[in-house]
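Subject: Handover of a structure

Dear colleague,

Please find the structure below, together with its sequence. My notes on what was found in it follow.

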Amino acid sequence: MNETRPASMASFWMPFTNNRDFKMHPRLLVSAEGMYYKDVDGNSILDGTAGLWCVPCGHAQPKIVAAVREMIGQLDFAPTFQMGHPAAFDLAEQLMEYTNHRFGHVFYTNSGSEAVDTALKMALAYHRARGEGTRTRLIGRERGYHGVGFGGISVGGIAGNRKPYGAMLPYVDHLPHTHDLEKNAFTRGEPEYGAHLADELERIVTLHDASTIAAVIVEPVAGSTGVLIPPKGYLKRLRELCTKHGILLIFDEVITGFGRMTTPFAADYFDVEPDLMTTAKGLTNGVVPMGAVFTKPFLYEAFMQAPAGIELFHGYTYSGHPLACAASLATLEVFREQKIVEHAASLQSYWEDAVHSLRGLPHVIDIRSIGLIAGIELAPIAGKPGARAFDAFKKAFADGVLIRTTGDIIALSPPLVLEKKHIDELFGKLAKVLKDLA
Ligand SMILES: Cc1ncc(COP(=O)(O)O)c(C=O)c1O
């Protein structure tokens, strides 16, 4: 196996990584199949995070691999500016079907960040197209993560992602986050306390006036900040207020889409209709980079009233890339054939019981779960925020499980094809790691 080690690690500037630490103690993955990675030393690593929330159908899914192989031999690249190829249109129709036709159109991007920036631009351009060009303000939420574009970090609410980058977009405001350990610790599903925090939108409307506000963007369940689950009734209230004030509601479903919640999307789970929805990751089973913005029919129609010509001056060279379309079409087929969402739903209570069985272990100050997602919050080491969870991450990898940490929170989001034996292995190993933590 040694020959697969890179000759040097000096030149790759790794994203969201402690480069100096990693290059001294690398963790190198060389292959993947089903629920497991293999590392460079030949160890099996159980994937507790679906890569980065990306792989609902499991790794090296044969149908998806075959579809991408076939497409690359047939159509390696085709532009979608004033041109097209059949798979891009077929996929769009199938995606509409997958949302039960609750959306009318889909715009392709290459990542979640691009999907977010696209949705924000669409919201601004929509109001302008309708003669309400004063609606230029965007509202995000504290602790929100919407990728790393300038739009996404502006509406996002994670300090470390914003601090180094100066002023960012103007005309942005933030709702408060909904995390409250005093009131809601150790909740299964949606916590009881906090729906009233949606009313903070009224305060923001009073401050700026509705006529200046284009859109509100939230993650239905915030992932990257450490699994923050919306309080009961919170999202419905947000929807009501957006409707009342003519503000578009964008759900960022980059991690909650494609079965993660045991429903196709979080919008289904919470029974709340956003006007736009951003997706990526599970859209192609993570196999080829792709994002997508889903829009309600009225949005598209507003643009189609413009004088003849290009209706939206926006798009990416790789929007609707043939390989991504092939991967996504095959992913949808696997979802149908293997009833991935139903399978995830059948395991939800076993998953929830397993994660909550960690209650009482050293340093565990909260456990929260919804769908096939879990957050385990650890007490920080005084003066060293994040160090305890990162230690858990390293120890877990050494013991053969991939977990993800953010601050002192462990976030789990396995491939949806897992079985009970994988849940037992994941939480068995994690319990041992937590018991051994300093
Ligand atoms: C909710 C949310 N939005 C956007 C993104 C950004 O996606 P990408 O990393 O594909 O740009 C992420 C990534 O984790 C995410 O969780």
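The model is a predicted one, in which local features need pLDDT of at least 70 and side-chain atom pairs count only at pLDDT 80 or more, while totals for chains, interfaces and linings use all residues. Residue numbers start from 1 along each chain as its sequence is written.

The ligand. The shell around the ligand divides into five nonpolar, seven polar and two charged residues. Of these 14 residues, S111, G112, S113, G147 and V254 come nearest; a residue is near if its C-beta atom, placed from the backbone, lies within 6 Å of the molecule. Helix α5 (residues 112–129) gives the most to this shell, with three residues. Helices (H or I, at least four residues) and strands (E, at least two) are DSSP runs, numbered from the N terminus.

The seven-stranded sheet. Seven strands form an open sheet of mixed pairing, in the order β4-β10-β9-β8-β7-β5-β6; two strands pair if DSSP finds at least two bridges between them. Because β4 (105–109) and β6 (172–175) stand at the edges with a single partner strand each, one side of each is left without a neighbour in the sheet. Direction ignored, neighbouring strands of this sheet are turned by 20° against each other on average. Strands β5 (residues 137–141) and β7 (residues 213–218) are paired in the parallel sense over three bridges, and R137 has I213 in β7 as its bridge partner.

Helices across this sheet. Helix α5 lies across β4, β5, β7, β8 (248–252), β9 (276–279) and β10 (291–295), and runs at about 30° to β10. Helix α10 (residues 234–244) lies across β7 and β8, at about 145° to β8. Axes are lines fitted to C-alpha atoms, for helices over the stretch in contact, with angles from 0 to 180 degrees between N-to-C directions; contact requires C-beta atoms, placed from the backbone, within 7 Å.

The four-stranded sheet. A further open sheet of mixed pairing has four strands in the order β1-β2-β3-β13. Its edges are β1 (29–33) and β13 (401–402), each with a single partner strand, so one side of each lacks a neighbour in the sheet. Four bridges join β1 to the antiparallel strand β2 (residues 36–39), where Y36 is the bridge partner of E33.

Yours sincerely

Conventions: Nonpolar A, V, L, I, M, F, W, Y, C, P; charged D, E, K, R; others polar. Contact = placed C-beta atoms within 7 Å.
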